[in-house]
Amino acid sequence: MGASACLRSHHQFPFLRSFSSKIFVKGLAFSTTEQNLSEAFSQFGTVLNANIVLNKAKTRSKGFGYVTFATEEEARVAQIAMDKKILHGRVLYVDMQPPRKQNNSFSEQETNDV
């Protein structure tokens, strides 16, 4: 497959792209609402959705959420501009993807070697 064919297929299958217009925001104050979050980030582009993750009882924020922008570029600009900024008295940590969970258990390979 030539380079031009690869570029064509890349545009035909946008789900294969590695970047996203969704950013991960942690460090949110419990009082921050989805409307507040949307307003804070809207200065960097069109916010399609602002979602704050709630606890299982859905009564209180877990202190993190996601903001989805219309474009990847808007998301990148917002990530750079808002990372380590203060919103409602709390320092925000903004990334393009949430951190991966650490797996503390042994892998199958390690247990087979014992």
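Strands E1 and E3 pair in the antiparallel sense, and five bridges link them. Within this pairing, Ile 23 stands opposite Val 67 in E3. The model in which this is seen is a predicted one.

On E3, there is also a pairing with E2. Strand E3 covers residues 61-69, and its antiparallel pairing with E2 runs over six bridges. Asn 49 has Thr 68 in E3 as its bridge partner, and Leu 54 has Ser 61 in E3 as its bridge partner. The chain gets from E2 to E3 through a hairpin with six residues between the two strands. Lys 58 lies in the turn of this hairpin and has a positive phi of about 55 degrees.

These pairings belong to a wider arrangement. Four strands make up an open sheet, in the order E2-E3-E1-E6, with antiparallel pairing. Which strands stand at the edges? They are E2 (47-54) and E6 (93-95). Each of these two has a single partner strand, so one side of each is left without a neighbour in the sheet. From one strand to the next, the twist averages 20 degrees.

A helix lies against this sheet. Helix H2, residues 34-41, packs on the sheet and touches E1 (22-26), E2, E3 and E6. The direction of H2 makes about 135 degrees with that of E2.

Now step back to the whole protein chain. How many helices and strands does the protein chain have? There are four helices and six strands. Along the sequence they follow the pattern α-β-α-β-β-α-β-β-β-α, so to speak a reading order for the chain.

The last values describe the chain in total. Of the contacts with a separation of 6 or more, 59% are between residues 24 or more positions apart. The protein chain has 114 residues, and buried residues make up 28% of them.

Notes:
Residues are numbered from 1 along each chain as its sequence is written. This is a predicted model: local features need pLDDT of at least 70, side-chain atom pairs count only at pLDDT 80 or more; totals for chains, interfaces and linings use all residues. Side-chain values use heavy atoms; hydrogens and water are left out. Buried means under 20% relative accessible area, exposed over 50%, partly exposed in between (1.4 Å probe, protein chains only). Contact means heavy atoms within 4.5 Å. Two strands pair if DSSP finds at least two bridges between them. Axes are lines fitted to C-alpha atoms, for helices over the stretch in contact, and angles run from 0 to 180 degrees between N-to-C directions.
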